[in-house]
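Please read it alongside the sequence and the model.

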Amino acid sequence: SEDVLSKDAGECAICLEELQQGDTIARLPCLCIYHKGQVFLRIHTKFQNCIDEWFEVNRSCPEHPSD
C-alpha cells in the first residue's frame, strides 16, 4: 500500500537513501517500506521509483525474497 512516512525510518534497501519524514512510501505485506513514486536520490543526483523499478524485475520483497 502507498503511504506518506510520518517519521524518519532508516535506509531504503533498494537505493540506500534515508527514508525521511514526508517521503511517499510503499509498505509491503511483510511490513518492509521502500520509496514509492518519484524520489530524488541525493547520493546519485537523480530521480528513481525504488519499489516500482524493483517490481519490474522481481515480484518479492528485496529483504524477504522467499516470502
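Buried means under 20% relative accessible area, exposed over 50%, and partly exposed in between, with a 1.4 Å probe and protein chains only as cover. The structure is a predicted model, in which local features need pLDDT of at least 70 and side-chain atom pairs count only at pLDDT 80 or more, while totals for chains, interfaces and linings use all residues. Residues are numbered from 1 along each chain as its sequence is written, and side-chain values use heavy atoms, with hydrogens and water left out.

**Overall architecture**

- The protein has one helix and five strands; helices (H or I, at least four residues) and strands (E, at least two) are DSSP runs, numbered from the N terminus.
- Along the sequence these elements follow the pattern β-β-β-β-β-α.
- Of the 67 residues, 31% count as buried.
- The exposed surface comes to about 4,400 Å², of which carbon and sulfur atoms supply 49%; such areas come from the Shrake-Rupley method with a 1.4 Å probe, and for residues only the protein chains shown count as cover.
- Among contacts (heavy atoms within 4.5 Å) between residues at least 6 apart in sequence, 32% join residues at least 24 apart.

**The annotated region**

- UniProt, in an unreviewed entry, lists residues 11–36 as "domain: RING-type"; positions are given in the numbering used here, feature names are shortened, and annotations may be inferred rather than shown by experiment.
- Over residues 11–36 the chain is 0% helix and 27% strand, and its end C-alpha atoms are 14 Å apart.

- Strands β2 (residues 24–27) and β3 (residues 33–35) run antiparallel and are joined by three bridges; two strands pair if DSSP finds at least two bridges between them.
- Ile25 stands opposite His35 in β3.
- Five residues lie between the two strands of this hairpin, and Leu31 is found in that loop.
- Leu31 has a positive phi of about 80° although it is not a glycine.
- Most residues other than glycine have a negative phi.

**The nonpolar core**

- The largest nonpolar core has 13 residues, and those with the most contacts inside it are Cys12, Leu19 and Tyr34; such a core is a set of buried Ala, Val, Leu, Ile, Met, Phe, Trp, Tyr and Cys residues joined through side-chain atoms within 4.5 Å.
- At least two residues of this core come from each of β2, β3 and α1 (50–57).
- In soluble globular proteins, nonpolar side chains tend to be buried together.
- Beyond its neighbours within four places in sequence, Cys12 is in contact with Glu17, Leu19, Tyr34, His35 and Cys50.

- A search of the whole structure finds zero disulfides, a disulfide being a pair of cysteine sulfur atoms within 2.5 Å.
- Cys30 is in no disulfide, and the nearest cysteine sulfur, that of Cys61, is 3.6 Å away.
- Cys30 is partly exposed, at a relative accessible area of 27%.
- The cysteine sulfur closest to that of Cys50 belongs to Cys15 and is 3.6 Å away, which is too far for a bond.

**Cys50 and its surroundings**

- Cys50 is in helix α1 and counts as buried, at 0% relative accessibility.
- Ile14 and Cys50 are 36 residues apart in sequence, yet 6.2 Å apart in space from C-alpha to C-alpha.
- Ile14 lies in the loop between β1 and β2 and is partly exposed, at 23% relative accessibility.
- Between Cys50 and Ala26, 24 residues apart along the chain, the C-alpha separation is 9.4 Å.

**Glu63 after the helix**

- Glu63 is in the segment after α1 and counts as partly exposed, at 46% relative accessibility.
- The C-alpha atoms of Glu63 and Cys32 are separated by 7.8 Å, with the two residues 31 apart along the chain.
- Leaving aside neighbours within four places in sequence, Glu63 is in contact with Ala13, Cys32 and Tyr34.
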